[in-house]
Amino acid sequence: MYKLDQSETPLFDALMEYVNRNTIPFHVPGHKKGNGIDEEFKNFMGENPFKIDVTVFKLVDSLHHPTGPIKRAQQLAADAYGSDAAFFSIHGTSGAIQTMIMSVVNSGDKIIIPRNVHKSVTAGIILSGAIPVYMQPELDKTIGIAHGVTSETVENTLKQNPDAKAVLIINPTYYGVAADIKKISDIVHSYDIPLIVDEAHGPHLGFNDNLPISAMQAGADMCSQSTHKIIGAMTQCSLLHIRSERIDIHKVQQVLSLLQTTSPSYVLMASLDCARRQIALHGKELLNKAIDLSSYARYKINNIPGFYCFGEEIVGNPGVVSLDPTKITITCRDLGITGYDLDMILSNKYHIQMELSDLYNILAVGSFGDTKENIDALINALEEVSTEYYGRGNRKSDFLDIPPIPRQLEIPRDAFNSEKTPVLLKNSIGMISGEFLMAYPPGIPVLCPGEEITKEIVDYVQELKDTGLYVQGTEDPEVEYIKVVK
């Protein structure tokens with residue numbers, strides 16, 4: 001149970017007090033409670049957002065040095081999620097992830113990470129000057145995506161790198177797949193180093209028993225969550241949670257302060273405050289609704305010829321301990337069209353916008369903002385697409401096995417900051433990559449900055465092209481040239 005009164009919204013209340021006082025603003029922003037806003041924009045938005053778009057002063061507190069309502073709002077977030085401390089990130093989860101990394105590793109320190117990390121992790125490693133040690137996640141050739149890393153992979157990587165200062169994992173994945181995070185946490189802590197978790201897609205975990213275990217419940221030391229992704233905060237709003245046993249909370253706050261704007265949006269922070277109240281008080285029933293609608297969608301879509309939505313049947317496969325049912329991955333490879341094709345058909349013909357698409361799949365993110373009417377619109381559109389394409393094309397082939405992770409000859413920061421020159425990929429063998437090279441599927445880097453370009457990688461890229469699969473990441477969109485360290 002909660003220790004604090006989760007019905008409170010201290011920051012939102014302070015902003016309402018400011019509004020109700022009819023305060024005369026001689027502070028930034030210059031639109032002065034909306035009086036100076038472009039009329040067409042204001043007519044669309046309404047006046048209220050501008051009334052709480054304020055700057056730092058005592059009544060509404062300061063994000064960088066909170067002593068009042070922001071401090072209380074962050075304490076309530078920590079109480080709701082079971083952490084020792086929580087911080088608002090108006091720099092999104094990207095900023096929170098960079099903060100986590102820079103709080104636990106310094107220049108030259110090793111940090112163990114999955115190969116399929118978000119680019120914000122790479123940015124954090126470049127900023128910190130740390131040395132990444134990569135783990136290969138488990139790959140699913142049927143649906144062409146990467147799942148989580150196994151506890152065995154984590155344990156073996158730590159045995160080979162006992163001098164690592166931290167381990168970072170993604171849990172759950174973008175597609176809603178959760179690894180054995182509790183076992184991974186125990187393994188990492190046996191080395192007395194912190195486990196930090198990119199929980200961007202799990203701000204709702206911990207509020208419903210039908211969802212995977214959350215990072216904080218599993219004993220992780222830090223996690224960052226995109227509170228805007230699935231629950232009711234506005235875009236750009238995230239939370240950073242900390243357990244203090246292995247983490248210096250004050251250092252985290254200092255690093256986050258380095259990265260975040262000194263003019264944070266109070267509109268966004270108020271939405272974080274209220275979203276926390278909503279999930280804390282009503283999360284179970286709201287998420288029950290989201291899970292029921294998503295399960296209904298999965299069942300209906302699996303009965304449409306040419307489509308497949310994975311579900312509980314993959315639990316127990318390597319890297320899959322549990323699933324978030326609100327993530328609906330729709331595989332269309334049996335229709336002979338790509339996920340990109342399906343994404344464009346739904347967008348252009350049916351005005352249905354998906355979250356993402358890759359070579360084999362599209363992803364629908366379910367939440368308690370969905371309605372049955374909208375779910376049925378998606379199902380009906382997919383039925384029409386099936387009628388048009390099923391039986392006409394060839395099933396897309398399995399993705400090719402990725403070459404081994406190449407040697408790291410320079411740390412990412414040095415390669416990123418180095419002078420680089422473009423060379424033909426076929427002539428780059430033995431050189432140091434200054435760019436990323438990604439294979440789709442499964443969306444895993446073939447090359448990262450600082451790594452040696454091998455003949456296996458050059459041949460693999462050509463094979464991908466010959467097979468009609470996707471490779472990207474280089475400045476050259478055709479991936480004929482790659483930038484190498486000069």
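**Figure 1. Tyr174 is partly exposed, at 29% relative accessibility.** Tyr175, by contrast, is buried, with a relative accessible area of 12%. Here, buried denotes under 20% relative accessible area, exposed over 50%, and partly exposed the range in between, for a 1.4 Å probe and protein chains only. The model is predicted, so that local features need pLDDT of at least 70 and side-chain atom pairs count only at pLDDT 80 or more, while totals for chains, interfaces and linings use all residues. Residues are numbered from 1 along each chain as its sequence is written, and side-chain values use heavy atoms, with hydrogens and water left out. Four aromatic pairs are present in the structure. In the pair formed by Tyr174 and Tyr175, the ring centres are 6.5 Å apart and the planes lie at 55°, so the pair is classed as tilted. Rings of Phe, Tyr and Trp (its six-membered ring) pair if their centres lie within 6.5 Å; planes under 30 degrees apart count as stacked, over 60 as edge-to-face and the rest as tilted.

**Figure 2. Seven strands form an open sheet with mixed pairing.** The strand order is β1-β10-β9-β8-β6-β2-β3. Its edge strands, β1 (85-89) and β3 (131-135), each pair on one side only. From one strand to the next, the twist averages 20°. Strands (E, at least two residues) and helices (H or I, at least four) are DSSP runs numbered from the N terminus, and two strands pair if DSSP finds at least two bridges between them. Five bridges connect β1 with β10 (residues 238-242) in the antiparallel sense; across this pairing, Ala85 stands opposite Ile242.

**Figure 3. Helices α5 and α10 lie across strands of the seven-stranded sheet.** Helix α5 (residues 92-104) lies across β1, β2 (110-114), β6 (166-170), β8 (195-198), β9 (222-225) and β10, and runs at about 165° to β9. Helix α10 (residues 249-259) lies across β1, β9 and β10, at about 0° to β1. Axes are lines fitted to C-alpha atoms, for helices over the stretch in contact, and angles run from 0 to 180 degrees between N-to-C directions. Contact means heavy atoms within 4.5 Å.

**Figure 4. Buried residues of helix α8 pack against helices and strands.** In α8 (residues 181-189), the buried residues are Ile181, Ile184, Ser185, Ile187, Val188 and His189. These buried residues pack against α7 (151-160), β6, β8 and α9 (215-218).

**Figure 5. Arg115 lies over the face of Tyr134.** The distance from Arg115 to the ring centre of Tyr134 is 4.4 Å. A charge sits over a ring if NZ of Lys or CZ of Arg is within 6 Å of the ring centre and within 35 degrees of the ring normal.

Figure 6. Neighbours within four places in sequence aside, Val485 is in contact with Glu410, Ala415, Ser418, Glu419, Lys420, Ile432, Ser433 and Gly434.

**Figure 7. Three strands form an open antiparallel sheet in the order β18-β17-β19.** Its edge strands, β18 (444-447) and β19 (470-472), each pair on one side only. Neighbouring strands are turned by 35° against each other on average, direction ignored. β17 (residues 437-440) and β18 run antiparallel and are joined by three bridges; Leu437 has Leu447 in β18 as its bridge partner.
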